[in-house]
Amino acid sequence: MKVAYFDFCLNATIYEDYSLYPNRYGAGRIFVSYLKQMKDFHIFANSRCFNNLGKYDNKDNCHVVTDEQIYRILNGGENVCQVVPELNDFDIFFHRETAYYFNTGDLKQIVWSAGYQEIINERHIHLLLYNDYQYPLIMNPNTNIIKFQLGKELPSFFMEREKEDYIFQCTRHDPDFNTIAVADFCNIYGVKGIFAGPCDYTYDLMSHIDNVHTFYLGEISEAKKLELTSKARLYTFLHNWNTPFNISALESLSLGTPIVSTHMGFWPSLVQPGVNGFFATNENDLMYAWENAPKLRQSDCYLSALPYNHLSMINSVTDALEKCL
């Protein structure tokens, strides 16, 4: 089984980073970056997606495609194997453009859904859906859904870490991630809150940052993110949308930091109240989580993350792709 993962990023201002240790954090790019280490999983993408490849990356499985080739596939209806001849050697054409069905000839086409409430092109037969999603996608009833599990390389052993009294949240900041609600909680109750990650220009987070109790660091390095995560008393995930997964939650738990989330999306599959975190629907719940986080055992947090490691992810995805064939 030889799989081609195709990135249709075209004329973008921000490109994906498919290095093994990507500078831009996020489940999708980490997922693809690990899989490209496998012999038969290849990435076709714009050259900028490979700018940060390091000595541990499998560079042989990274193939550069031009904007012109991507444009021809997206808009011209040409057979992908004619536009990119290397694809003739593959069994599966794997991508995330759920609304498109491309001309792939005999090459089997698989869509990876991020789990949003997406519209799936009616011609798609297989859809790979990761982890848990509680609402149906809009698709052809003949579409086959095959689940797999995401994951990440986690610390190989547990280490107790000294915690400091602050809440940390490193995500995109927009209404879906509900950062303002956490910032307001911190300002009202005098709790230190540290926020990092890109902020949507339409989301007025900065008017809720007082630089006394709440602090916004902007986009930070992966190393800084993990340092702040490891020292936090609590990591907040008050999403108000049905997120199907979150890499930062695994990182937090693996570093002994409990999490607080809503009941939406995949969170009920991961959060064990009173063991590795808490659920919160209001300020009282968040205060309860803040006050009781130190009572949770860091070792329990670490153990709850281990099933979501990168090896289980690779095995899960491989099984799903074999089912498609």
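A crossing is left-handed if the near helix is turned anticlockwise from the far one by less than a right angle, and right-handed if clockwise.

Ground rules. This is a predicted model: local features need pLDDT of at least 70, side-chain atom pairs count only at pLDDT 80 or more, and totals for chains, interfaces and linings use all residues. Residues are numbered from 1 along each chain as its sequence is written, and side-chain values use heavy atoms, with hydrogens and water left out.

Now the sheet. Helices (H or I, at least four residues) and strands (E, at least two) are DSSP runs, numbered from the N terminus. Two strands pair if DSSP finds at least two bridges between them. Here 7 strands form an open sheet, ordered E3-E2-E1-E4-E5-E6-E7, with parallel pairing. Strand E3 (62-64) and strand E7 (144-148) are the edges, each pairing on one side only. From one strand to the next, the twist averages 25°.

Look at E1, residues 3-6. Parallel pairing over 4 bridges links E1 with E2, residues 41-45. E1 also runs parallel to E4, residues 92-95, through 3 bridges. Take Val3: its bridge partner in E2 is Phe41, and in E4 it is Ile92. Tyr5 has Phe94 as its bridge partner in E4.

Where do the E1 side chains point? Val3 and Tyr5 go one way, Ala4 and Phe6 the other. All of them are buried, meaning under 20% relative accessible area with a 1.4 Å probe, protein chains only.

Next, a helix over the sheet. H10, residues 310-324, lies across E1, E4, E5 (108-113), E6 (126-130) and E7. H10 runs at about 160° to E7. Axes are lines fitted to C-alpha atoms, for helices over the stretch in contact, and angles run from 0 to 180 degrees between N-to-C directions.

Last, H5 and H6. The axes of H5 (residues 222-231) and H6 (residues 247-254) come within 9 Å and cross at roughly 55°. H5 and H6 are therefore oblique to each other; angles under 35 degrees count as roughly parallel, over 145 as roughly antiparallel, 65 to 115 as roughly perpendicular and the rest as oblique. H5 passes H6 in a right-handed crossing. H5 brings Glu222, Lys225, Leu226 and Thr229 to the contact, and H6 brings Ser248, Glu251 and Ser252. Contact means heavy atoms within 4.5 Å.

Terms used: Buried means under 20% relative accessible area, exposed over 50%, partly exposed in between (1.4 Å probe, protein chains only).
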